[in-house]
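User: I would like to learn how to read a few features of a two-chain model. Please give the general idea each time, then the case here.

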Amino acid sequence: MAEVAPVPVGAPAPQASLLTVDGVTLQYGTRSVVVRATYRVSFEVRRGDRFILLGPSGCGKSTLLKAVGGYLAPTEGEIRLHGEVIRRPNPDRMMVFQEFDQLLPWKTVLQNVMFPMIVKRKLRASEAKDRAMAYIVKVGLKEFANAYPHTLSGGMKQRVAIARGMAMEPDILLMDEPFAALDALTRRRMQEELLQLWDGTNFTLMFVTHSIQEAVILGNRILVLSPHPGQVRAELRGVKDFHADGGPLVERIHQLLFPGTETTGGH
Amino acid sequence: MSQTVSFDERGDRLVDIPQTNDPSQFVSKPLPLQLRVVDSNVVRKIFVVVLLIIGWQLYGKWTDNDLQFPTFTATVSAFVDSVTRGTLVEQFLNSLRILLMGYAAGVVIATAMTVLAVSTRIGTDILETLNAAFSPLPAIALLPLAMLWFGLGVGSLLFVLIHSVLWPVALNMHGGFRSVSTTLRMVGANYGLRGLPYVARILIPAAFPSILSGLKIGWAFGWRTEIAAELVFGASSGDGGLGWFIFENKNNLEIPAVFAGLLAVIGLGLLVENLVFRAIEIRTVERWGMQR
């Protein structure tokens, strides 16, 4: 295992790689077949990136995110965080899932956000509570801090999950199509809110989506994966202003993924 | 309150919705009392119990034979009599004490086996095989063997009690653990939880609806086994308990007292179901929206 040089406090190193995915092949087996999800995928995520994994279904983007989460070991290659090989799930990589049932139903919004901090003994209870409350306020759910998850709408549950992830102040926040199960209006608003949250704290984000438009809105870097098995097709820089420059980029990504077809306008 | 409608230059219709305190314009309001009373589970269940009691009383009057089917009032007076002058309370507490011991031991063993079953594959095989083999076996069929091994007394009772509580509790708990969603499991792992803390802080609460229903079934099975075993014991050693109370009074042809004993069994069942388990449900699975 490589020794990592300590990063000086307060001195961000924007070019240093936070997460390195190095020639990673991922396979998983069912009872009768072995499925190869990705083949020799390499990329680097830097501190403060909004890194998007984009691709059609079957390109292994979710599997790749799970491997970064530590749920799955590569059959070939390595995934390193701060130079250390990732071996198992850990709250330094907090996950936000697509499913609404990712909140613990037996805990209130506040308790859900506090729980990982308490488990990790990162903070004393009162500090954990203050920090949890601060993030709940950030995602606009102050009035619902003592509500149980089943009383919340889908969008609100996803906001809680985001608050829970951010409150741990992880090295990297991993999001697996968190807005895919939301209605179109809510999804659009959540994308804006996520960008605003990022503007405030500049956390590092890795975001999986199959929507080209969402990738272009949210990402500053977009890794385009081709399917069966997932391989890197391109790594693109995002756009600052979606309304001004989003269209051509959407078109370009579409051509990369589906050469020779017309765009449908994305969704 | 009227709404102002305007049309803009595109011909789109725009409506101003005024703020209003008009009570006919509500988002939510409480239901009237009579509807809430009819909707109350307690009220409806008491109604069912009252109907049963009336039917019982009428049938008892009609047969007019206290040796076969005493009336409700005769049973109640025998009940009061046994409580004040007889040994009903003492026998009842005897039974309850042993039942609670057996129940607690059964639940602890079931939890240990189930935790082993979710953590190792061989544990799963063991639990599933033992469950398939022993859960159809009536506890009372083991009683002769238990008497041979543990003698006539608490030991044998506990053995059959544990047998009757263990399997339904373990089966439900295991089923509950297995049906915890992949997402919740991944969330728990993400927090760095493994081993026993993972079971205690993620699996048990997530599987709580199944666990609770297992605990309920286990309680009912245990109570039945307790009474049944005491009937046999009563015949052989005369060592206390509610089953023995019933058996003894039957021998003395005190049929209203037999009914009073049965009433005590039923009464405790209703009490535990509607107070203890219900209170747990309201504070847990219902509050969490896991069960309606």
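User: How many helices and strands does chain A have?

Analyst: Helices (H or I, at least four residues) and strands (E, at least two) are DSSP runs, numbered from the N terminus. Chain A has seven helices and 10 strands. This is a predicted model, in which local features need pLDDT of at least 70, side-chain atom pairs count only at pLDDT 80 or more, and totals for chains, interfaces and linings use all residues. Residues are numbered from 1 along each chain as its sequence is written, while chains are lettered from A and ligands numbered from 1 in the order in which they are written.

User: What share of chain A is buried?

Analyst: A residue is buried if 20 or more other C-beta atoms, placed from the backbone, lie within 10 Å of its own, exposed if 12 or fewer, and partly exposed in between. In chain A, 40% of the 267 residues are buried. For chain B the figure is 33% of 292 residues.

User: Where does A:Ser42 lie, and what does it touch?

Analyst: A:Ser42 belongs to strand E2 (residues 34-46) of chain A. It has 13 other C-beta atoms within 10 Å, so it is partly exposed. Contact means that the C-beta atoms of two residues, placed from the backbone, lie within 7 Å. Leaving out residues up to four places away in sequence, A:Ser42 touches A:Val21, A:Asp22, A:Gly23 and A:Val232. Its C-alpha atom is separated by 9.5 Å from that of A:Thr25, 17 residues apart along the chain.

User: At what angle do H3(A) and H4(A) cross?

Analyst: Axes are lines fitted to C-alpha atoms, for helices over the stretch in contact, and angles run from 0 to 180 degrees between N-to-C directions. The axes of H3 (residues 125-138) and H4 (residues 154-167) of chain A cross at roughly 135 degrees and come within 9 Å. Angles under 35 degrees count as roughly parallel, over 145 as roughly antiparallel, 65 to 115 as roughly perpendicular and the rest as oblique. H3(A) and H4(A) are therefore oblique to each other.

User: Which residues of H3(A) and H4(A) meet?

Analyst: From H3(A) come A:Arg131, A:Ala132, A:Tyr135, A:Ile136 and A:Lys138, and from H4(A) come A:Ala163, A:Met166 and A:Ala167. By class, this contact has six nonpolar, no polar and two charged residues. Here Ala, Val, Leu, Ile, Met, Phe, Trp, Tyr, Cys and Pro count as nonpolar, Asp, Glu, Lys and Arg as charged, and the others, Gly among them, as polar.

User: How many residues of the two chains are in contact?

Analyst: 18 residues of chain A are in contact with 15 residues of chain B. On the side of chain A, strand E6 (93-96) and helix H2 (109-119) each supply at least two residues. That side has 11 nonpolar, four polar and three charged residues.

User: What is the secondary structure of chain B, and why is chain B called spread out?

Analyst: Chain B has 12 helices and two strands. The radius of gyration is taken over C-alpha atoms, and the globule rule is 2.2 Å times the number of residues to the power 0.38. Chain B has a radius of gyration of 27 Å, well over the 19 Å that the rule gives for 292 residues, so it is more spread out than a compact globule. Along the principal axes, the C-alpha atoms of chain B fill a box of roughly 100 × 60 × 25 Å.
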